[in-house]
Amino acid sequence: MPRNYTLKEIKEELNREIEELYKKDSYWKKCLSCPFKGRCCEENDIDIREDEWEEISSFLWENPEVEKKVYENYLSHSRCYFHTSACCLIAPIRPTNCLYTPYQLIQNLYDHSIEYNKPTEDCFFETIEEQSKELPLTPYLIQRGERTYLFLNYWFENYENQSEGTYKETGEERLREYFTKKGML
């Protein structure tokens, strides 16, 4: 029977899985104190769940200085509206998409190809696409080369799809609506 996970439960489980990833592949521990100021986030327009958006929009409303910077990023068509060259503006409440970046491996449901980002020493990521057989949805950690990744299909099937509020829109769509309602657009 499907279980309706709360956003808090989902983030707790994801953080538990990330801790397991760190144990299995210590390379990723450097992400805890990112020496490159979130370089892996710079080119991402994230999808935001409804329950995550409620949290983010409240945060923006209560923090006008953050809202102003996000608005400037939005107007300048930055890929991640919540990231500056120095930091994530919403780090304490960042969406699940951000939590599993850059650790994710995704399998296409139609042709079973997989895609993941292979990091370089200075955290520029090379997107790798491979043909593959259908992977079982049981392991949440998958080895590719010398790195281990979080298997997003497992995550979506077992957590995202088992929860309310999972309808996602891009950050651009969410912010367009937010700034329009505030009369800023």
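A pocket is an open set of points, on a 1 Å grid over the protein atoms alone, where a 1.4 Å probe fits and protein lies on both sides within 12 Å along at least five of seven lines, and its lining residues have an atom within 4 Å of a point. Its volume is the space filled by probe spheres set on the points, which are joined across faces, edges and corners.

The views below show a predicted model, in which local features need pLDDT of at least 70 and side-chain atom pairs count only at pLDDT 80 or more, whereas totals for chains, interfaces and linings use all residues. Residues are numbered from 1 along each chain as its sequence is written, and side-chain values use heavy atoms, with hydrogens and water left out.

**View 1. The second largest pocket and its lining.** This pocket has a volume of about 560 Å³. Its lining is made up of 29 residues, and those nearest the centre are Cys 31, Cys 34, Gly 38, Cys 41 and Arg 94. Two or more lining residues come from each of helix 1 and helix 4, where helices (H or I, at least four residues) and strands (E, at least two) are DSSP runs numbered from the N terminus. Helix 1 makes the largest contribution to this lining, with four residues. By class, the lining holds 20 nonpolar, four polar and five charged residues; here Ala, Val, Leu, Ile, Met, Phe, Trp, Tyr, Cys and Pro count as nonpolar, Asp, Glu, Lys and Arg as charged, and the others, Gly among them, as polar.

**View 2. The largest pocket and the elements around it.** The volume of the largest pocket is about 830 Å³. It is lined by 35 residues, and Asn 44, Thr 101, Gln 104, Ile 106 and Leu 152 are the closest to its centre. At least two lining residues are supplied by each of helix 4, strand 2 (104-107) and helix 5 (152-158), and helix 5 provides the largest share, four residues. The lining divides into 16 nonpolar, ten polar and nine charged residues.

View 3. The 18 residues of helix 1 reach 26 Å from the first C-alpha to the last, close to the 26 Å expected at 1.5 Å a residue, an expectation taken as 1.5 Å times one less than the number of residues. Its buried residues (under 20% relative accessible area, against over 50% for exposed and in between for partly exposed, with a 1.4 Å probe and protein chains only) are Leu 7, Ile 10, Lys 11, Glu 13, Leu 14, Glu 17, Ile 18, Leu 21 and Tyr 22. They pack against strand 1, helix 2, helix 4, strand 5 (141-144), strand 6 and helix 5, a contact being heavy atoms within 4.5 Å.

**View 4. Helix 2 and what covers it.** Helix 2 (residues 50-62) has 13 residues and should therefore span 18 Å at 1.5 Å a residue, in agreement with the 18 Å between its end C-alpha atoms. Buried along this helix are Asp 51, Glu 52, Trp 53, Ile 56, Ser 57, Phe 59 and Leu 60. The elements that cover these residues include helix 1 (7-24), strand 1 (47-49), helix 3 (64-75), helix 4 (96-99) and helix 6 (171-181).

View 5. His 77, in the loop between helix 3 and helix 4, has a phi near 60°, which is a positive value in a residue other than glycine. With a relative accessibility of 62%, His 77 counts as exposed. His 112, in the loop between strand 2 and strand 3 (114-119), also has a positive phi, of about 65°, although it is not a glycine. At 23% relative accessibility, His 112 is partly exposed.

View 6. Tyr 149 belongs to strand 6 (residues 147-151) and counts as buried because its relative accessible area is 0%. Tyr 116 is 33 residues away from Tyr 149 in sequence, while their C-alpha atoms are 8.0 Å apart. Phe 124, in the loop between strand 3 and strand 4 (125-130), is partly exposed at 46% relative accessibility. Its C-alpha atom is separated by 7.1 Å from that of Cys 40, which lies 84 residues away along the chain. Leaving out residues up to four places away in sequence, Phe 124 touches Arg 39, Lys 118 and Pro 119.

**View 7. Confidence along the chain.** The mean pLDDT of the chain is 87, and 97% of the residues score at least 70; pLDDT is the predictor's confidence in each residue, from 0 to 100. Among the elements of the chain, helix 3 has the highest mean pLDDT (96) and helix 5 the lowest (83).
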